[in-house]
Amino acid sequence: MDLTDFFRSSKVVVVAGKGGVGKTTVSVVLSAAAAEAGLRCLLVAIAGRAETSEGVGIDPDIGRIVREGGHVEVMQLTPAMVIQEQVAKRRAEEVGRQIERREELARLLRSWSPGLSSLLLLAKIRKLSERTDLDLIVVDAPATGNASLFLRAPTATLETIESGELRSQAELAQAMLTDPSRCQITLVTLAAESPVNELIETAYELEDEIGVKLGPVVVNAVEGAPEGLPDPETWQAPADLGLSSQEVASLVEAVAFTRARHRLEERELSRLREELPLPRIELPLMPSVGLDDEALQTLVDRLRDGVAALTAR
């Protein structure tokens, strides 16, 4: 399977995971890889996640990056923006003239029903998915716990509202979420105990309670063991290095720490394989802060290799 076939399996890809695991990085990498495959992609950052466009060559004012034959368009999306759009559509002229009152209305609506914001966001994403000038939409969703609430909003609405505009929007959003050809969820984790625990729990919850399709899990920032790392129990410092006993002790401690960290990483990767039978793509830990062009290309290349390996397995 090449990247084009991989991305064309679903029009919408929602990237979700525990806070701090690199969802935004994975969202950008997926979008850039889709563009490199010649696809037209929209990257949606939920709740004003401005960092989505930082450090990846995307001008937030222009909101577009061109790679090879495709491009990525970036859109910041907040509940207030969607509510304002809905208000404007219904010709609420007085509210439309008073921006302060419009913001207050958005805050009130969110406080009355936290799920309403999520439902409106999903309704907006569903509408965006109908754009014929786009091949793919990547959604940088809220962190895992909030992501479950975010994706459960249509179900909760259908259980409590029997008719009206909100129910219609919920039905349409639910139809999108549960149609594998239209939407899939990409969960992201680190190879660490807490993120893996939360990802496994979230994966079963999303499948059982919402009925969404889960795509390959992305394990971000996999470090791996450095080649040629010596055994700290038996290593002896070469005499010609002229190291003091304190320097030797520090080196031995650093090596022991690195090996222990790698064992923990391998343990969590093994546990993830055993407890969650989903395809997995691993992206390496990047030494740089942020994503420059070189780092982004490295991650895109590794994603492509991971997709090819899925087919082989």
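Leaving aside neighbours within four places in sequence, with which residues is Leu 119 in contact? The views below are taken from a predicted model.

View A. Beyond its neighbours within four places in sequence, Leu 119 is in contact with Ala 153, Pro 154, Thr 157, Leu 166, Gln 169, Ala 170 and Ala 173.

**View B. Strand β1 and its buried residues.** Strand β1 covers residues 12–17, and because 6 of its 6 residues are buried, the strand is largely enclosed by the rest of the structure. Val 12, Val 14 and Ala 16 point one way from β1, whereas Val 13, Val 15 and Gly 17 point the other way. Residues of both sets are buried.

**View C. Pairing of β1 with strands β5 and β6.** Strand β5 (residues 136–143) pairs with β1 in the parallel sense through 5 bridges. Within this pairing, Val 12 stands opposite Ile 137 of β5. Strand β6 (residues 183–190) also runs parallel to β1, to which 6 bridges join it. Here Val 14 has Ile 185 of β6 as its bridge partner.

**View D. Cysteines Cys 41 and Cys 183.** Cys 41 counts as buried because its relative accessibility is 0%. Cys 183 has a relative accessible area of 1% and is likewise buried. With a cut-off of 2.5 Å between cysteine sulfur atoms, the number of disulfides in the model is 0.

Key: Residues numbered from 1 in each chain as written. Predicted model: local features only at pLDDT ≥ 70, side-chain atom pairs only at ≥ 80, totals over all residues. Heavy atoms only, no water. Buried < 20%, exposed > 50% of the residue type's maximum accessible area, 1.4 Å probe, protein only. Helix = DSSP H or I, 4+ residues; strand = E, 2+ residues; numbered from the N terminus. Pairing = 2+ DSSP bridges. Contact = heavy atoms within 4.5 Å.
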